Amino acid sequence: MAEKQYLAGNDKRAPSPPLGYSCQCRFSREKQMHIVALFHAHKIRPSRIAYRVGIDIAFIEALIAGEEDSTVFSNLVASYRKNRYKQLLDQADKLAGGSRFERQRLIEQEYIEDSSL
């Protein structure tokens, strides 16, 4: 079996081991920020984001670390986390009795922990 080639000859993205990149990124820088914020709010690893969408791993890590566009990115993440929180609560409403209460409590705890980061 041949080894994966992480970078093409003219690819300027940083290496993304162990998976590399599955495709070239076709999104603008602003759209990339939205995608990374959405995936980060859903707790998807940076290497997985880079692999699936083709966004440069160095850019993803810089956004998450707050080294690039920190205020814009943090606002985007907060917005996506709030949407995720609402979505999970809507799903929990479909449960009955004690399981609904427990699930809502876990969702609220997770949201509070994520908001404090």
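Helices here are DSSP runs of H or I with at least four residues, numbered from the N terminus. The views below come from a predicted model, in which local features need pLDDT of at least 70, side-chain atom pairs count only at pLDDT 80 or more, and totals for chains, interfaces and linings use all residues. Residues are numbered from 1 along each chain as its sequence is written, and side-chain values use heavy atoms, with hydrogens and water left out.

View 1. Let us start with Phe39, which is found in helix 1. Phe39 is partly exposed, with a relative accessible area of 23%; here buried means under 20% relative accessible area, exposed means over 50%, and partly exposed lies in between, using a 1.4 Å probe and protein chains only. Setting aside neighbours within four places in sequence, Phe39 is in contact with Ile44, Ile49 and Val53, where contact means heavy atoms within 4.5 Å. Look also for Val77: this residue is 38 residues from Phe39 along the chain, and their C-alpha atoms are separated by 8.9 Å.

**View 2. Helix 1 from end to end.** The 13 residues of helix 1 should span 18 Å at 1.5 Å a residue, and its end C-alpha atoms are 18 Å apart, which agrees. The expected span is 1.5 Å times one less than the number of residues. Which residues of helix 1 are buried? They are Gln32, Met33, Ile35, Val36, Ala37 and Ala41, and they pack against helix 2, helix 3 and helix 4. Gln32 counts as buried at 8% relative accessibility. Beyond the residues up to four places away in sequence, Gln32 touches Cys25, Phe27, Ile55 and Phe59.

**View 3. Helix 2 and the residue just after it.** In helix 2 you can find the buried residues Ser47, Ile49, Ala50, Tyr51 and Val53. These residues pack against helix 1 and helix 3. Just after helix 2, Gly54 takes a positive phi of about 85°.

**View 4. Two loop residues with positive phi.** Lys43 sits in the loop between helix 1 (29-41) and helix 2 (46-53). Its phi is near 65°, a positive value in a residue other than glycine. With a relative accessible area of 48%, Lys43 is partly exposed. Asp69 is in the loop between helix 3 (57-65) and helix 4. Asp69 is not a glycine either, yet it has a positive phi of about 45°. Its relative accessible area is 42%, so Asp69 is partly exposed.

**View 5. The largest nonpolar core.** In soluble globular proteins, nonpolar side chains tend to be buried together. A nonpolar core is a set of buried Ala, Val, Leu, Ile, Met, Phe, Trp, Tyr and Cys residues joined through side-chain atoms within 4.5 Å. Which of the 16 residues in the largest nonpolar core touch the most other members? They are Val36, Ile55, Ile60, Leu63 and Phe73. Helix 1, helix 2, helix 3 and helix 4 each supply at least two residues of this core. Take Phe73 as a guide: leaving aside neighbours within four places in sequence, Phe73 is in contact with Met33, Val36, Ala37, His40, Leu63 and Ile64.

**View 6. Helix 4 along its length.** Helix 4 has 23 residues and reaches 32 Å from its first C-alpha to its last, close to the 33 Å expected at 1.5 Å a residue. Its buried residues are Phe73, Leu76, Val77, Arg81, Arg84, Leu88, Leu89 and Ala92. What covers these buried residues includes helix 1, helix 3 and helix 5.

**View 7. Helix 4 against helix 5.** Helix 4 (residues 70-92) and helix 5 (residues 97-115) pack at an angle of about 175°, with their axes 9 Å apart. That makes helix 4 roughly antiparallel to helix 5, since angles under 35 degrees count as roughly parallel, over 145 as roughly antiparallel, 65 to 115 as roughly perpendicular and the rest as oblique. Axes are lines fitted to C-alpha atoms, for helices over the stretch in contact, and angles run from 0 to 180 degrees between N-to-C directions.

View 8. Ile107 lies in helix 5 and counts as buried at 3% relative accessibility. Leaving aside neighbours within four places in sequence, Ile107 is in contact with Tyr85, Leu88, Leu89 and Ala92. Ile107 and Tyr85 are 22 residues apart in sequence and 7.0 Å apart in space, C-alpha to C-alpha.
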